[in-house]
Amino acid sequence: MAIEGLTHSYGGHAALVDVSLRIAGGSFVALVGASGSGKSTLLRAINGLVRPDAGIVRVGGRDVTAEEPARLRRSIGYVFQNIGLFPHMSVAENIAIGPRLSGRSVDVAAMLRLVGLPEDYGTRRPAELSGGEQQRVGVARALATEARLVLLDEPFGALDPVTRDALGRAYRALHDRLGLTSVMVTHDMAEALLLADRVLVMAAGRIVADATPAGMLAGEAGPEAAALVAVPARQAAALAALAR
Ligand SMILES: Nc1ncnc2c1ncn2[C@@H]1O[C@H](COP(=O)(O)OP(=O)(O)OP(=O)(O)O)[C@@H](O)[C@H]1O
């Protein structure tokens with residue numbers, strides 16, 4: 001995926017300022033930065049939920065800013081915090097809805113197995129699942145579209161730390177197995193460092209750091225990144241000292 005000169009304002013407020021970026025197919029990119037720095041706007045400009053004022057987004061060589069948003073969203077997976085499952089539909093219907101809109105059928109049982117849920121969950125309503133299970137359904141729904149690019153906006157943010165860790169690692173394994181390209185917004189720098197191949201830091205609508213997790217930890221990515229990395233690094237050191 002390639003982004004060139006992406007710029008967007010809400011009213012007079014600049015949310016994205018001339019963002020250019022290349023993301024290699026198969027990579028797992030984490031997007032971090034302070035609240036309001038433009039992370040969600042960047043994701044939403046990629047899948048057409050936000051029409052940028054200027055700039056180009058190319059996915060697989062085609063300019064998606066020119067595409068019809070509904071169609072685009074059926075080819076790019078999107079997983080977000082409060083996943084927005086339809087409460088009156090069964091889990092199976094929720095998973096099948098995207099493909100159905102494109103006139104395709106989907107093997108719901110296979111999708112449930114893929115995200116580690118029992119097949120008989122298909123008949124349940126979302127309210128009959130835990131938050132973590134609902135989030136797994138959200139991942140299954142995104143992947144049922146056969147999307148190979150998946151955007152995740154704080155996907156595990158509302159979960160307890162144990163479930164969050166398990167789901168993050170399970171998603172990373174799926175990413176590797178299916179050869180996905182994933183872009184994940186997270187507020188948790190430790191999660192970004194542990195899951196991603198590459199970490200981007202945003203501030204005031206711009207990308208201010210871009211490095212591998214190892215590069216971030218080595219202090220190669222500049223002051224904004226160093227400040228964010230200092231927190232989990234200090235916590236890890238403190239925990240290691242406690243365990244001694
Ligand atoms: N629909 C909107 N209308 C007006 N302003 C908006 C809208 N959406 C976002 N903004 C503003 O644009 C800026 C970037 O918002 P965005 O949601 O992209 O940030 P973010 O980095 O994802 O924040 P957070 O981490 O809090 O989710 C913020 O200042 C926000 O207030």
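Which residues are around the ligand?

Author: This is a predicted model, in which local features need pLDDT of at least 70 and side-chain atom pairs count only at pLDDT 80 or more, while totals for chains, interfaces and linings use all residues. Residues are numbered from 1 along each chain as its sequence is written.

Around the ligand lie Y10, H13, A15, G33, S35, G36, S37, G38, K39, S40 and T41, where a residue is near a molecule if its C-beta atom, placed from the backbone, lies within 6 Å of it. The elements that give two or more residues to this shell are β2 and α1 (39-46), and α1 gives the most, with 3 residues; helices (H or I, at least four residues) and strands (E, at least two) are DSSP runs, numbered from the N terminus. By type, the shell divides into 2 nonpolar, 8 polar and 1 charged, with Ala, Val, Leu, Ile, Met, Phe, Trp, Tyr, Cys and Pro counted as nonpolar, Asp, Glu, Lys and Arg as charged, and the others, Gly among them, as polar.

Leaving aside neighbours within four places in sequence, G26 is in contact with G179 and T181, contact meaning that the C-beta atoms, placed from the backbone, lie within 7 Å. G26 has 14 C-beta neighbours inside 10 Å, so it counts as partly exposed (buried takes 20 or more other C-beta atoms within 10 Å, exposed 12 or fewer, and partly exposed falls in between).

For the setting, the protein has 9 helices and 10 strands, and 40% of its 244 residues count as buried.

Key
Two residues are in contact if their C-beta atoms, placed from the backbone, lie within 7 Å.
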